[in-house]
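Here is a short report for someone meeting this chain for the first time. Take a look at the sequence and the model before reading on.

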Amino acid sequence: CHPTDTPAEGDAVIMVSRGALYHIGLYAEIGGRPWVVHAAQNAGQVVRTRLRDLEREGLGLEGIYRWK
C-alpha cells in the first residue's frame, strides 16, 4: 500500500493514540463528507466518525493509504 493525498472509498485510515499506531478504519464519503468506518471496542460495534472528529475521540491521523 502507499499513502494518498486523494482518499477514495475503502482506503485504509491509520490512526494513532499517544504517539503509537493504534487503530485502522476504512475511508468513506457519506453525504459528500469524509468519514472513517471502524470497530469501536468501547461501543461494541462498528461506528462511523467524521475524519475531522478523530482528535475529539482521542485519535490522531497517521495517514490514509491505498492498497495497490
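Leaving aside its neighbours within four places in sequence, which residues is Leu-54 in contact with? They are Met-15, Val-36, Thr-49, Leu-59 and Leu-61. Leu-54 lies in the loop between β5 and β6. Its relative accessibility is 3%, so Leu-54 counts as buried. The C-alpha atoms of Leu-54 and Val-16 are 9.8 Å apart, while 38 residues separate the two along the chain.

Keep in mind that this is a predicted model.

**The chain as a whole**

The chain has 0 helices and 6 strands. Its radius of gyration is 11 Å, close to the 11 Å that the globule rule gives for 68 residues, so the chain is as compact as a globular protein of that length. The C-alpha trace spans about 30 × 30 × 20 Å along its principal axes. Of the 68 residues, 35% are buried. The accessible surface comes to about 4800 Å², and carbon and sulfur atoms account for 50% of that. Take the contacts between residues at least 6 apart in sequence: 41% of these join residues at least 24 apart.

**The sheet**

In what order do the strands of the open sheet stand? The order is β1-β6-β2-β3-β4-β5, with antiparallel pairing. β1 and β5 stand at the edges with a single partner strand each, so one side of each is left without a neighbour in the sheet.

Strand pairs can be read from the table, with one example of facing residues discussed below for each.

| Strand pair | Sense | Bridges |
|---|---|---|
| β1 and β6 (residues 60-66) | antiparallel | 2 bridges |
| β2 (residues 12-17) and β6 | antiparallel | 5 bridges |
| β3 (residues 20-30) and β4 | antiparallel | 5 bridges |
| β4 (residues 33-40) and β5 (residues 45-50) | antiparallel | 6 bridges |

Now the facing residues. Pro-3 stands opposite Tyr-65 in β6. Val-16 has Gly-60 in β6 as its bridge partner. Glu-29 stands opposite Pro-34 in β4. His-38 has Val-47 in β5 as its bridge partner.

Two backbone details belong here. The hairpin of β4 and β5 has 4 residues between the strands, and Gly-44 there takes a positive phi near 70°. Arg-18 also has a positive phi, about 55°, although Arg-18 is not a glycine. Most residues other than glycine have a negative phi. Arg-18 is found in the loop between β2 and β3. At 85% relative accessibility, Arg-18 counts as exposed.

**The nonpolar core**

Which residues make up the largest nonpolar core? There are 8 residues in all: Val-13, Met-15, Tyr-27, Val-36, Leu-51, Leu-54, Leu-59 and Ile-64. In soluble globular proteins, nonpolar side chains tend to be buried together.

Val-36 is a core member, placed in strand β4. Its relative accessibility is 0%, so Val-36 counts as buried. Beyond its neighbours within four places in sequence, Val-36 is in contact with residues including Val-13, Met-15, Leu-51 and Leu-54. The C-alpha atoms of Val-36 and Ala-12 are separated by 9.0 Å, with the two residues 24 apart along the chain.

Ile-64 is another core member. Beyond its neighbours within four places in sequence, its contacts include Val-13, Tyr-27 and Leu-51. Among the others are His-2, Pro-3 and Asp-11.

**Salt bridges**

How many salt bridges does the count come to? It comes to 3 salt bridges.

One of them joins Asp-11 and Arg-66, with the closest N and O atoms 2.9 Å apart. This pair links distant parts of the chain: Asp-11 is in the loop between β1 and β2, Arg-66 is in strand β6, and they are 55 residues apart. Asp-11 counts as buried at 5% relative accessibility. Arg-66 is partly exposed, at 25%.

Arg-52, Asp-53 and Arg-56 are linked in a network of salt bridges. The Arg-52 and Asp-53 side chains meet at 4.0 Å, N to O. For Arg-56 and Asp-53 the value is 3.3 Å, N to O. Asp-53 counts as buried at 15% relative accessibility. Arg-52 counts as exposed at 65%, and Arg-56 counts as exposed at 69%.

Technical notes. Residues numbered from 1 in each chain as written. Predicted model: local features only at pLDDT ≥ 70, side-chain atom pairs only at ≥ 80, totals over all residues. Heavy atoms only, no water. Core = buried A, V, L, I, M, F, W, Y, C linked by side-chain atoms within 4.5 Å. Buried < 20%, exposed > 50% of the residue type's maximum accessible area, 1.4 Å probe, protein only. Contact = heavy atoms within 4.5 Å. Pairing = 2+ DSSP bridges. Rg over C-alpha atoms; globule rule 2.2 N^0.38 Å. Areas by Shrake-Rupley, 256 points an atom, 1.4 Å probe, with all protein chains shown as cover.
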